[in-house]
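Hi,

Here is the structure I said I would pass on. Please open it first; my notes follow below.

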Amino acid sequence: MIRTVIDIVLAALISVALTLAVVTWSKTSTLERQIAEVQRGVKENSKKIEEAAKEAKAAEEHGAPHGGGGGDAHAAQAAPHWGYEGAMNPAKWGDAFPVCGTGHSQSPVDIKGPFDKATQPIKVEYKSGPLKILNNGHTIQVMATPGSKMKVGADEYELLQFHFHRPSEELIEGKPSAMVVHFVHKSASGKLAVIGVLMNEGKENATLRLVFTNAPKQEGPETLVPAVEFNPGDLFPAKLNYYSYEGSLTTPPCTEGVTFFILKAAGSVAREQVESFPFKLNARPTQPLNGRKILSN
Ligand SMILES: [Zn+2]
């Protein structure tokens with residue numbers, strides 16, 4: 001009898017001990033699982049943080065997208081990043097902006113003869129105003145004073161903005177200039193026309209000094225420099241003879257239907273001025289003519 005009681009007590013004790021052991025083991029294993037899960041979570045999060053940091057860095061390098069040659073500089077804000085070097089260099093623009101890859105009337109081009117005769121002279125009537133300037137991550141851009149006009153024959157365009165490329169995007173018989181200024185105009189019907197003023201390395205350009213000394217080094221919104229009264233026409237040479245052809249925006253989305261007028265007379269820019277420009281390289285390589293005619297006057 002006593003033995004039976006001892007047996008029962010022993011059995012009970014063993015069962016309690018076993019239960020305790022099982023509970024402890026399962027608790028430990030649950031805890032271990034939970035720790036492993038948290039660790040995995042931390043790892044995934046830090047991966048995500050790393051990726052976000054990488055993306056932020058890429059954004060910083062390439063800058064926010066913009067309409068570039070176009071007037072609608074903010075239309076493409078949500079578009080993918082692009083640049084002149086790195087993963088989204090000009091050869092890759094077509095991956096994200098189809099026209100850049102498939103268009104047959106793309107800009108810039110290498111300008112060389114034979115030329116057709118241009119018959120319409122261009123006339124430029126720009127207005128003076130305070131300097132409104134921004135760094136959009138791809139170039140330095142100056143906003144036009146409203147009422148600044150350009151006329152070609154019966155066509156009238158209004159100047160929207162002008163901006164810079166280093167070196168010039170246009171080649172003249174295979175040769176680039178140190179820089180080019182693109183004056184972007186829009187007609188009442190929405191057609192775009194760009195006048196290109198090439199700048200060869202030489203003596204200092206006093207008008208450019210006004211622009212470059214006020215050019216933001218970092219990407220950011222438009223700033224007004226009220227003390228500086230400025231007329232973009234001062235960047236023009238005396239003679240407005242030109243080469244002309246039908247092309248596109250030279251930046252994504254590379255929209256076609258843009259008429260280019262590249263002035264034959266070039267301005268000058270000092271080497272120090274070129275070097276002070278915040279972008280070392282912001283020129284798209286030349287594109288095939290695909291049978292397009294270049295006019296000359
Ligand atoms: Zn341009």
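Phe115 is partly exposed, with a relative accessible area of 31%. Keep in mind that this is a predicted model. Tyr243, in contrast, is buried, at a relative accessible area of 14%.

The aromatic count comes to 16 pairs. One of them joins Phe115 and Tyr243. That pair is tilted, with 5.0 Å centre to centre and 40° between the planes. Phe115 lies in the loop between β1 (110–111) and β2 (116–117), and Tyr243 lies in strand β13 (residues 242–248), so the contact ties together parts that are 128 residues apart in sequence. Tyr243 also has a charge over its face: Lys264, at 4.9 Å from the ring centre.

**Other rings**

Tyr84 and Trp93 are both buried. Their pair is edge-to-face, at 5.7 Å centre to centre and 70° between the planes. There is also an aromatic cluster, whose members include Tyr126, Phe162, Phe164 and Phe183.

**Strands**

Phe162 turns up again in the strand pairing: in β7, Phe162 is the bridge partner of Val142. Strand β7 covers residues 155–165 and runs antiparallel to β5, with three bridges between them.

Best wishes

Note on methods: Residues are numbered from 1 along each chain as its sequence is written. This is a predicted model: local features need pLDDT of at least 70, side-chain atom pairs count only at pLDDT 80 or more; totals for chains, interfaces and linings use all residues. Side-chain values use heavy atoms; hydrogens and water are left out. Two strands pair if DSSP finds at least two bridges between them. Helices (H or I, at least four residues) and strands (E, at least two) are DSSP runs, numbered from the N terminus. Rings of Phe, Tyr and Trp (its six-membered ring) pair if their centres lie within 6.5 Å; planes under 30 degrees apart count as stacked, over 60 as edge-to-face and the rest as tilted. Buried means under 20% relative accessible area, exposed over 50%, partly exposed in between (1.4 Å probe, protein chains only). A charge sits over a ring if NZ of Lys or CZ of Arg is within 6 Å of the ring centre and within 35 degrees of the ring normal.
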